[in-house]
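Please look over the sequence and the structure below before reading the notes. The notes are grouped by topic.

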Amino acid sequence: MKRPQGFDRPPAPRAAEPAPVRGAGASRTASPASASPALDADRVTTEPIAVVVSPSASPSAAFARATGATAPTGTLVRDAVTVDLTDVRSGAASVDDDAARAPEAPGDAKAAKRALAAAARERRRYERQEVRRFTKRSRRRRITWAVIIGALVVLVAVVGVGAYSPLMALREVRVEGAQRIPAADVQAAFADVMGTPLTLIDGSEVHAALSRFPLIETYATETIPPGTLVVRIVERTPVGVIDTGSGLELVDAAGVVIERPEERPPGQPLIEVSGGVADEGFRAVAGVVRSLPADVRAQLVRATAETADDVRLELEGGASVVWGSAEDSDLKADVLTALMRAAPPDTVSQYDVSAPTSPVTE
């Protein structure tokens, strides 16, 4: 079938108007771009073009504005000079590598080392601060234990030095409470322990030194640094005189012989009991005598007891006292004192205080 006229072939494309090249002093024109995406190699090489590239525009964009076509992938023509873009890119990379490999100035290297050293010191300082912050409680415990242990060590050292140092040696014995016993005799009894450190003086040594004095009933010692020993003595209190047949013996409430006088001392009654110092009657009489006030005891001349419940006293002036047992002796002593104040012994013959709540005077 015959085609209609005008449809035998497609119309030829119109050639593009040449675009003027912008730029100062430019006298060349750019050839039009072909319809295909690729550029004709003959036209590129035989018709040089001028491309003005602005600093802000890429080479491909400048080529496209100049020619009206898309720039080829690998080649750029600039002022009739063929430039391979692949070489340009590789050249830029090589420039960057050269810049990276370029040696630094000596001053820059020293500054970098100083900065690195300063950073390391700052890090170490920070780490030390953190360690101190997290170990604060444990450090306090260690300090506390160190102080306690140090104090104990110092105390032990002081005690050790004091125990064995000549500065703490015994140099003086001070006697207190001695009346019948000469204090010089007591001091002489400690001659064997003089020069011994106070902390090393044993109680048995003190007892051995004082046991030779029968008048001492009880005693107490006190050490006063650096070298003084104080001995406090309580002497035995005599309760009366007992006639043993071979002589008189001044005894205390325990029956210990304090003295053997030639005659009865003033204020010491003559005690008459059947069983001697071991009898219950003697212990009852001794308890009664010790409970009497000093003014009443000074007038006592004789005390007898057939049994422990039959204690009788004889006063100066001839008056007698019926005492009874040793029970309630303190109350009976107060009642007797009141009776003697109301009726002196030279005005009465007898005081009966065996029942202290109802005394009788005759």
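Where is the place of R142? R142 sits in helix 5, which covers residues 136-164; helices (H or I, at least four residues) and strands (E, at least two) are DSSP runs, numbered from the N terminus. This is a predicted model, in which local features need pLDDT of at least 70 and side-chain atom pairs count only at pLDDT 80 or more, while totals for chains, interfaces and linings use all residues. Residues are numbered from 1 along each chain as its sequence is written, and side-chain values use heavy atoms, with hydrogens and water left out.

**Charged patches on the surface**

- R142 belongs to a surface patch of positive charge, together with K136, R137, R140 and R141.
- R142 counts as exposed because its relative accessibility is 51%; exposed means over 50% relative accessible area, buried under 20%, and partly exposed in between (1.4 Å probe, protein chains only).
- A surface patch of negative charge is formed by D309, E327, D328, D330 and D334.
- Of these, D330 is placed in helix 10, residues 329-342, and D330 is exposed, with a relative accessible area of 56%.
- Patches are made of residues with over 30% relative accessible area and no salt bridge; like charges are joined within 9 Å, and nonpolar side chains (Val, Leu, Ile, Met, Phe, Trp, Tyr) within 5 Å.
- Lys and Arg count as positive and Asp and Glu as negative, while His and the chain ends are not counted.
- The place of a charge is taken as NZ of Lys, CZ of Arg, CG of Asp or CD of Glu.
- Accessible areas come from the Shrake-Rupley method with a 1.4 Å probe, and for residues only the protein chains shown count as cover.

**The largest nonpolar core**

- The largest nonpolar core has 31 residues, and those with the most contacts inside it are V285, V311, L313, V321, W323, L336 and Y351.
- A nonpolar core is a set of buried Ala, Val, Leu, Ile, Met, Phe, Trp, Tyr and Cys residues joined through side-chain atoms within 4.5 Å.
- Elements that give two or more residues to this core include strand 6 (238-243), strand 9 (270-273), strand 10 (300-305), strand 11 (311-315) and helix 10.
- Helix 8 (280-291) is also one of these elements, and helix 8 gives the largest share, six residues.

**Salt bridges**

- Side chains of opposite charge can pair when their charged atoms come close.
- The count comes to ten salt bridges, a salt bridge being a side-chain nitrogen of Lys or Arg within 4 Å of a carboxyl oxygen of Asp or Glu.
- E127 and R123 form a salt bridge at 3.3 Å, N to O.
- E127 and R123 are four residues apart in helix 4 (residues 106-134), so about one helical turn separates them.
- E127 is partly exposed at 38% relative accessibility, whereas R123 is exposed at 57%.
- R133 and E130 also form a salt bridge, with the closest N and O atoms 2.8 Å apart.
- Because R133 and E130 are three residues apart in helix 4, about one helical turn separates them.
- In the salt bridge between E314 and R302, the closest N and O atoms are 3.7 Å apart.
- E314 lies in strand 11 and R302 in strand 10, so this pair ties together parts that are twelve residues apart in sequence.
- E314 is partly exposed at 31% relative accessibility, and R302 is partly exposed at 32%.

**A loop residue**

- T307 is in the loop between strand 10 and strand 11, and T307 is partly exposed at 44% relative accessible area.
- T307 and F282 are 25 residues apart in sequence, and their C-alpha atoms are 8.8 Å apart in space.
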